[in-house]
Amino acid sequence: MTASDRPPIGTRLRASGPVVPEGLDDTLIREVVTSFYASARLDPVIGPVFNRVIAEADWPHHLDKIEAFWSSMLLASGRYQGRPMPKHIAIGDLADRHFERWLALFRQTVEALCPPEIAAVFVERAERVGNSFRLSVLSQRGEDIIHLKPLRAGTLPATEEQ
């Protein structure tokens, strides 16, 4: 390995996959997950979906699962062993506006809580996850997904109402 092949100082490598920025750990993941879902549950677009599908008493367990999911995605921790797709496919009214809102709110959360290089890692992975779920949901409904363009984590409008 030459000096030009080495990752930047202040980063650490995962056993397989890309570089993990310094400071990205399970503590930060927990902070992001907790903050995001506190906002999402109050959001006028995605809040009603979350609040209908996940009972109030189930939220602590659900947050633990989501934290494990993100830990596995970002840190290759292997903590998540679930299958999230069937649960999302079962939500019959999920639409692009829900995925767009989820991505925008997620971006807002990570940009508020994380250094820019860590926020970028979260956003990139959220876009992959969101688009994967979106394509699976629409495909299971028999909708044509061939010409769909990927959704990107945009920004929330100045007013929170939609």
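Here are a few notes on how this predicted model is put together.

1. Some ground rules: residues are numbered from 1 along each chain as its sequence is written. In this predicted model, local features need pLDDT of at least 70 and side-chain atom pairs count only at pLDDT 80 or more, while totals for chains, interfaces and linings use all residues, and side-chain values use heavy atoms, leaving out hydrogens and water.

2. The protein has 6 helices and 2 strands, in the order β-β-α-α-α-α-α-α from the N terminus. Both come from DSSP runs numbered from the N terminus (helices H or I, at least four residues; strands E, at least two).

3. Have a look at where α3 (residues 59-75) meets α6 (residues 116-140): their axes come within 11 Å and cross at roughly 110 degrees. Axes here are lines fitted to C-alpha atoms, for helices over the stretch in contact, with angles from 0 to 180 degrees between N-to-C directions. On the α3 side, F69, W70, M73 and L74 make the contact (heavy atoms within 4.5 Å); α6 brings V121, F122, R125, A126 and V129.

4. W70 also touches I29, V33, L75, W102 and F106, among others, leaving aside residues up to four places away in sequence.

5. Buried means under 20% relative accessible area, with a 1.4 Å probe and protein chains only; 37% of the 162 residues in the protein qualify.

6. Just after α6, G142 has a positive phi of about 85 degrees.

Key
Buried means under 20% relative accessible area, exposed over 50%, partly exposed in between (1.4 Å probe, protein chains only).
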